[in-house]
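Here is a quick tour of one protein model, written for someone who would rather look than calculate. Keep the viewer open as you read.

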Amino acid sequence: MAVTAAQVKELREKTGAGMLDCKKALEEANGDITKAGEILREKGLSAAANKAGRIATEGAVESYIHAGGKVGVLVEINCETDFVGKTEQFRTFCKDIAMHIAAANPTYVRREEVPTEALEKEKEILRNQALNEGKPEKIIEKMVEGRIGKYYEEFCLMEQQFVKDPDKTIDQLLNEKIAAIGENISIRRFVRFGLGEGLEKKQENFAEEVMSQVKL
């Protein structure tokens, strides 16, 4: 299919790659921007991929306290220079990530952090679910691998849909910021506190509450 200038522009803004490289990637991906971005990353042509190996030790520890003090988040996000760490664009990104964590309640930053024991336990639950559904044993393992992706999307920050823009994941948002800012950026760690966490209490939808505050 023919690649439009608008598609090339959008891909270039997201990845920071050259226009010709973006055009070739889009042609290879038949116009699919997400797939084209993956092609660029695999070839090491995206700005995010080129900067990923650079050391990032500056940055900020950002906080977010939900209205009423029910949820609090601290997140450490690193960049390469103190200058970038003080820019409005970087600090806004940090605030967005802290707010997202408050709303989406991830457990890990990325899938590599999921303990093997927790992963195997989840797979066992999924296997039993498939058996109870009467699925043939020969396809159960494939089903489990497919469903485990949903587990990562729920519990791993980088694979969650951004609460302010569900059309992109946190990983995609991060890569956009790397391309726009021009430095490697890394979400290192976070901690989230919920008022009365671990105690019996009325269940509330914090994601909806957080987003309602954003829209005010």
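## Aromatic rings

Rings of Phe, Tyr and Trp (its six-membered ring) count as a pair if their centres lie within 6.5 Å; planes under 30 degrees apart are called stacked, over 60 edge-to-face, and the rest tilted. Searching the whole structure that way turns up two aromatic pairs. Tyr-151 and Tyr-152 make an edge-to-face pair, 6.2 Å centre to centre with 65° between the planes. Tyr-151 also pairs with Phe-155, this time tilted, at 4.8 Å and 45°.

Buried means under 20% relative accessible area, exposed over 50%, and partly exposed in between (1.4 Å probe, protein chains only). Tyr-151 is buried at 10%, Tyr-152 is buried at 9%, and Phe-155 is partly exposed at 25%.

## Helix H2

Helices (H or I, at least four residues) are DSSP runs, numbered from the N terminus. In H2 (residues 19-28), Cys-22, Ala-25 and Leu-26 are buried. Looking down the axis of H2, these buried residues fall within an arc of 100° (taken from the directions from the axis to the C-beta atoms), so they line one face of the helix. Just after H2, Asn-30 has a positive phi of about 55°.

## About the model

This is a predicted model: local features need pLDDT of at least 70, side-chain atom pairs count only at pLDDT 80 or more, and totals for chains, interfaces and linings use all residues. Residues are numbered from 1 along each chain as its sequence is written, and side-chain values use heavy atoms, leaving out hydrogens and water.

Terms used. Helices (H or I, at least four residues) and strands (E, at least two) are DSSP runs, numbered from the N terminus.
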